[in-house]
Amino acid sequence: RFLQSISHTQKAFQKAANMGLPEVSAYTILSRQENKEPLAIRMFGDTGLPHSTLVPMIECLKLSGAKRVLEIGTQFGKTTWHLAGNLPEDGHLWTVDLPPASETDKSGRETQPGEEVGAFFQGTPEKEKITQVLKNSLELGPDDFPTLFDYVFVDANHAYDFARADTITALRLLDEEGFIVWHDYYTLDPRIGVRRLLHELEAAGFELYHLAGSTCAVARVSSEMRDKLLA
């Protein structure tokens with residue numbers, strides 16, 4: 001009976017998780033025929049995120065031709081490393097995390113004391129394409145960067161208020177048209193507010209998608225959509 005109860009609970013959660021944003025591939029979002037031009041995707045061993053999540057993110061990055069990438073939430077830098085390694089030759093990535101051992105740790109640090117933020121890409125060739133910004137994401141603004149972005153990955157504190165604030169920051173730092181990808185959309189954990197936030201935005205009439213097979217959601221944001229969202 002105990003095992004049956006667990007099975008029923010799992011099925012209920014799976015059914016609920018499947019009810020949400022429409023699930024599409026990066027190819028569909030970008031109106032490209034899947035496998036027509038196979039993408040060369042670079043992997044470096046320990047990916048951190050499962051391939052089922054990381055590969056669609058990289059497909060979205062490469063198919064869109066994005067060159068200026070912002071990551072909000074570095075942690076160990078595994079995702080940072082892979083995104084930077086799949087940028088074009090003239091691409092660059094800025095990644096934001098909290099400064100070491102400060103009072104802001106209570107705002108959502110995921111690394112532990114003594115662990116180096118971005119440790120995985122240090123000393124790699126891809127480090128040349130990465131700029132670290134050690135600052136609370138709640139305090140970010142255009143003056144912190146030399147450019148606006150065409151691809152933003154939101155992956156810091158996933159609680160609702162923080163996810164909302166980081167989404168507003170992402171919109172303000174996005175160029176005329178670009179992509180925002182949110183991690184941990186595909187979860188029913190009540191401590192994680194990404195799903196709630198994006199469902200609220202969808203209910204307000206904005207076009208968002210669950211990136212097929214992954215734990216991420218994505219939006220292709222036009223300047224018109226950005227202005228409406230910020231309003």
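## A quick tour of the sheet and its helices

There are 10 salt bridges in this structure, a salt bridge being a side-chain nitrogen of Lys or Arg within 4 Å of a carboxyl oxygen of Asp or Glu. Keep in mind that this is a predicted model: local features need pLDDT of at least 70, side-chain atom pairs count only at pLDDT 80 or more, and totals for chains, interfaces and linings use all residues. Residues are numbered from 1 along each chain as its sequence is written, and side-chain values use heavy atoms, leaving out hydrogens and water.

**The sheet**

- Eight strands make an open, mixed sheet, in the order β1-β7-β8-β6-β5-β2-β3-β4. Strands are DSSP runs of E with at least two residues, helices are runs of H or I with at least four, and both are numbered from the N terminus; two strands pair if DSSP finds at least two bridges between them.
- β1 (23–24) and β4 (130–134) sit at the edges with a single partner strand each, so one side of each has no neighbour in the sheet.
- β2 (residues 68–72) and β5 (residues 149–154) pair in the parallel sense over four bridges, and V69 has Y151 of β5 as its bridge partner.

- R68 pairs up with D175, with their closest N and O atoms 2.9 Å apart.
- R68 belongs to β2 and D175 to β6, so this pair ties together parts 107 residues apart in sequence.

**Helices on the sheet**

- Helix α3 (residues 51–64) lies across β2, β5, β6 (174–182), β7 (209–211) and β8 (217–221), and runs at about 170° to β5. Axes here are lines fitted to C-alpha atoms, for helices over the stretch in contact, and angles run from 0 to 180 degrees between N-to-C directions.
- Helix α5 (residues 160–173) packs on the sheet too, touching β2, β5, β6 and β8, and its direction makes about 150° with that of β6. Contact means heavy atoms within 4.5 Å.

**α5 and its helix neighbours**

- α5 packs against α6 (residues 194–203) at about 55°, with axes 8 Å apart.
- Y160, A163, R164 and T167 of α5 meet V194, R196, L197 and E200 of α6.
- With α7 (residues 223–230), the axes of α5 and α7 come within 10 Å and cross at roughly 140°.
- On the α5 side of that contact are I168, L171 and R172, and on the α7 side R226, L229 and L230.
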